[in-house]
Amino acid sequence: MQEKNVVVTKLDIAPMDKRSIELVERKGHGHPDYMADSIAEAVSRLLSKYYYEEFGAILHHNVDKVLVVGGQVDRWFGGGNVIQPIYVLVAGRATVEVEVGDSRKKVPIGPLVLEATKTWLRRNFRDEYFDVDRHVIIDYKIGQGSVDLRSVFEGKGKCPLANDTSIGTGFAPLSETERLVKTVEETLYNMRSRINAIGEDIKVMGLRTGDTIKLTVAVAIMAHEVHSLEEYVDIKEKIREFVEKEIAPKVTSREVKVEVNTADRLERGAEGAYLVVTGTSAEHGDDGATGRGNRVNGLITPFRPMSMEAAAGKNPVSHVGKLYNIVALRAAERIAALDGVEEAYVEILSSIGRPINEPQVAHIGLVVSDSESFTELRKEAYAIVVEELDNITKIREEFIGDTPPPVF
């Protein structure tokens, strides 16, 4: 293992579960910000696969500037129509021309963007409600670059140089509130096949004060599946009871209080209810942008160290805005599994132009159950981070595999 600038400190803080207050958020699969992140990542992964299959290497690209612009719908209890489609703009930079020997080969960037975006939408929304061919307009503005393939292979075997000075962060384990917020969104999303009225757009906000957790859950309700105000109210109540009585007890013994769709103004009838036609609030004026959604662990956690980097859409070869967040999270999870470690925090700072496995600094913060064990735990934590950094170039291989790593 190569020597690294790794610093390990003992944190004199209470573990998150023992603190008096905590805030956690998760933007779900159909939220416009999640959509923007996911589309950016889908395009990057398809590009990476195309580059690798055609040229034997993942070429330079960053498509981490996706904008989802809300459309317009007319909706009522029992149905609705899309009046103005959702608009998706994929922006960034990519290699679109490759010199191969004495010839040049062009990359079909437009078809790849369209394929990646449409495939993701079809996999994550139900086609009986969201017609990808009619309900969304997909556009792209990709800065075009070229590369000589010989230069790419001349650099093979060398560690890539960081293309930015950036910070990646990770922590483990998740607190009860964090696990609950994530579990609630994922469970409700997967309930759509059983309860058709549940839409894809689900956002969960968790507030814990002492031993009481309050969840504010926003669930888009499918207009075609609810035929009256009474039925809408009944669906809301069923969701509330399901979260409180079925999901929460499996995660925590703390008291959990749930409110569903608190912005409703039911005296206005359908206009005051959270009804959707396609499954997402992006259908009616709610916009999204890459980087405003969840961090790489799938959560937004203001009480924890967080990177503001948009990991989604960045290339998995040299962009530390993606790689360092993945490495920091994986290292933190491994360190937190050590006996005696209650919590682990990892922050890694790159320097543009330096090898990505040689950060300016990698900081490990340990919350330990026994101060006397810190010296030994420090050595083990140090070794884990060094190992993860030395294996950082292997991450790119995962992104062209069948089960690439999640990034949010």
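This is a predicted model: local features need pLDDT of at least 70, side-chain atom pairs count only at pLDDT 80 or more; totals for chains, interfaces and linings use all residues.

1. Leaving aside residues up to four places away in sequence, Val90 touches Ile39, Val43, Val63, Lys65, Val66, Val113, Thr117, Asp139, Tyr140, Lys141 and Ile142.

2. To which group does Val90 belong? Val90 is among the residues with the most contacts inside the largest nonpolar core, together with Ile335 and Leu366. This core has 75 residues. Helix α1, residues 32-55, gives the largest share of the core, namely eleven residues. Apart from this core lies another one, of 33 residues, which includes Tyr189, Leu215, Ala248 and Leu275. As a general remark, nonpolar side chains tend to be buried together in soluble globular proteins.

3. Strand β6 spans residues 86-100 and runs antiparallel to strand β7, residues 103-106, with four bridges joining them. Within this pair, Val98 stands opposite Lys105 in β7. The two strands form a hairpin with two residues between them. In its turn, Gly101 has a positive phi of about 65°.

4. A second hairpin is formed by β4 and β5, again with two residues between the strands. Strand β4 covers residues 72-76 and strand β5 residues 79-84; their antiparallel pairing extends over five bridges. Trp76 stands opposite Gly79 in β5. Here Gly78 takes a positive phi, near 105°.

5. How much space lies in the largest pocket? The computed value is about 720 Å³. Its lining has 25 residues, and Ile58, Val152, Pro160, Val317 and Arg396 lie nearest the centre. Helices α4 (149-154) and α9 (395-398) each supply at least two residues of this lining. By class, the lining of the largest pocket comprises eleven nonpolar, nine polar and five charged residues.

6. The second largest pocket holds about 600 Å³ of space. Of its 21 lining residues, Ala42, Arg45, Trp120, Arg123 and Pro404 are the closest to the centre. At least two residues of the lining come from each of α1 and α2 (109-124). Which helix gives the largest share of this lining? Helix α1 does, with seven residues. The lining of the second largest pocket divides into ten nonpolar, five polar and six charged residues.

Terms used
Residues are numbered from 1 along each chain as its sequence is written. Side-chain values use heavy atoms; hydrogens and water are left out. Two strands pair if DSSP finds at least two bridges between them. A nonpolar core is a set of buried Ala, Val, Leu, Ile, Met, Phe, Trp, Tyr and Cys residues joined through side-chain atoms within 4.5 Å. Buried means under 20% relative accessible area, exposed over 50%, partly exposed in between (1.4 Å probe, protein chains only). Contact means heavy atoms within 4.5 Å. On a 1 Å grid over the protein atoms alone, a cavity is a set of points where a 1.4 Å probe fits but cannot get out, and a pocket is an open set with protein on both sides within 12 Å along at least five of seven lines; lining residues have an atom within 4 Å of a point. Grid points are joined across faces, edges and corners, and a volume is the space filled by probe spheres set on the points. Ala, Val, Leu, Ile, Met, Phe, Trp, Tyr, Cys and Pro count as nonpolar, Asp, Glu, Lys and Arg as charged, and the others, Gly among them, as polar.
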